[in-house]
Every structure is written in structure tokens, then in C-alpha cells.
Amino acid sequence: MDSTTTVSLSWEQIKEEITKAFSTEKVDIDHVKVLLGAYKSNKDDWTRFAYFDKYKYTRNLVDDGNDRYNILILCWGEGLGSSIHDHHNSHCFMKILDGELKETRYSWPAKTGGEILPMEETGELNMKTDDVAYMSDTIGLHRVENTSHTDPAVSLHVYCPPIKMCNAFEEHTGQSHVCNITFYSKAGTRVPVQ
């Protein structure tokens, strides 16, 4: 499937096509976005991977991609969101499977005389079911949030290389700290709390 093809892909087909797309060193960003756009969200396909927590958003590992990429389903309860973060040099592809999410983008923190300045917002994108977005560290940083106080949201994320850590940033100071990526579930099974 090339980036000009417009067909509909099933859940299994999208996973197969993503495997093919990441079989080489070069990542064709537009092609992966087209692939994700070709899948029309169907709750029957992904509900078994969608674990929610009422206090935080969850990262649910769907496929580890043989260490070339990983596929996650993120579940966003009402009013929950991420911190401002980078992707530790991973490409980040995101597709909304259910509900609506807001992505706010930021530039990297600036320094003046050794002092880190507050984060500067560079854009905002409101996404609904089946919308696709892309983010990378060369573009900047972002925060994703479910602004609804009545409806949950679910998103599919594909990272290449697999995301294992990131830096989280404090909006008002630009200070950051390293976060290891953990999973709430793997392959549809809840990971025991440690």
C-alpha cells in the first residue's frame, strides 16, 4: 500500500501494514499517517486492550513490534491529560479511536543567561474519532488531554523506535525530569501493580 492509496483497512491489516512500514530504517511519515487514516475505528477491535483508571490516563501495550516500534492504546478518563513531554527521539503517530482529545504543542524551553524560561505554546489541535496526528522531537513538545468532563476518550499511538522513556516538563519553569514509560496492561492483560 503506498501513500496515495485510499482503502479501508481492518484492525489486523493495520497491524500488518505497520509492521511492513517499520521494516526499514527510514520512516515514511506520510505513509504511516495514511495507514492509520485507512482504519476506521471499531470498538469491537480494540476494547480488549482498553483499560481505564479513574485517577490517571493509562498506557496499554498492544504490540511490542519486535523492538522496532510499539503500538499502544491510551485511555483518557474524563478531564485527564498528560504532562508536557517529548518522545525521546521516537516518532509519535496518534489516531483517535473514541471521543475527543486536545493536543497542545510547545517549543523546547529557551534559556537566557543559564535560566530556563517558561514554556511557549506553539499551537493547539482538537481531534475527534478517526483523526490522525504526528509529533516528533524535531517539531517540539506536546500535551494531550481529554477536556470533556462527561465522556472518556481512547487513542491509538504508534512509536518508532519503541518509546521507553521521555522527559516531562513543568509549564511555568521549563524544568524537566526523566520518566520511564510503564504499561497499565500488555496484550490485553492487566499488569500487576508493583
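How much space lies in the second largest pocket? Some notes on that and on the packing follow.

1. First, the ground rules. This is a predicted model, where local features need pLDDT of at least 70, side-chain atom pairs count only at pLDDT 80 or more, and totals for chains, interfaces and linings use all residues. Residues are numbered from 1 along each chain as its sequence is written, and side-chain values use heavy atoms, with hydrogens and water left out.

2. The second largest pocket holds about 210 Å³ of space. A pocket here is an open set of points on a 1 Å grid over the protein atoms alone, where a 1.4 Å probe fits, with protein on both sides within 12 Å along at least five of seven lines; lining residues have an atom within 4 Å of a point. The volume is the space filled by probe spheres set on the points, which are joined across faces, edges and corners.

3. Its lining has 19 residues, with Y57, R59, S82, H85 and C166 nearest the centre. Strand 2 (70-76), strand 10 (141-145), strand 11 (153-160) and strand 12 (165-169) each give at least two of the lining residues; strands (E, at least two residues) and helices (H or I, at least four) are DSSP runs numbered from the N terminus.

4. The largest pocket has about 310 Å³ of space. Of the 13 residues lining this pocket, K56, T182, F183, Y184 and R190 lie nearest its centre.

5. On to the packing. W11, F22 and I73 touch the most other members of the largest nonpolar core, which has 27 residues. Such a core is a set of buried Ala, Val, Leu, Ile, Met, Phe, Trp, Tyr and Cys residues joined through side-chain atoms within 4.5 Å, buried being under 20% relative accessible area with a 1.4 Å probe, protein chains only. A second, separate core of 19 residues includes L74, M127, I181 and F183.

6. Helix 1 (11-21) buries W11, I14, K15, E17, I18 and A21. Down the helix axis these buried residues fall within an arc of 165° (taken from the directions from axis to C-beta atoms), so they line one face of helix 1. They pack against helix 2, helix 3 (43-46), strand 1 (58-63), strand 2 and strand 11.

7. Last, V144 in strand 10. V144 counts as buried because its relative accessibility is 2%. Beyond its neighbours within four places in sequence, V144 is in contact (heavy atoms within 4.5 Å) with W76, G81, S82, M94, L101 and K102.

Conventions
Buried < 20%, exposed > 50% of the residue type's maximum accessible area, 1.4 Å probe, protein only.
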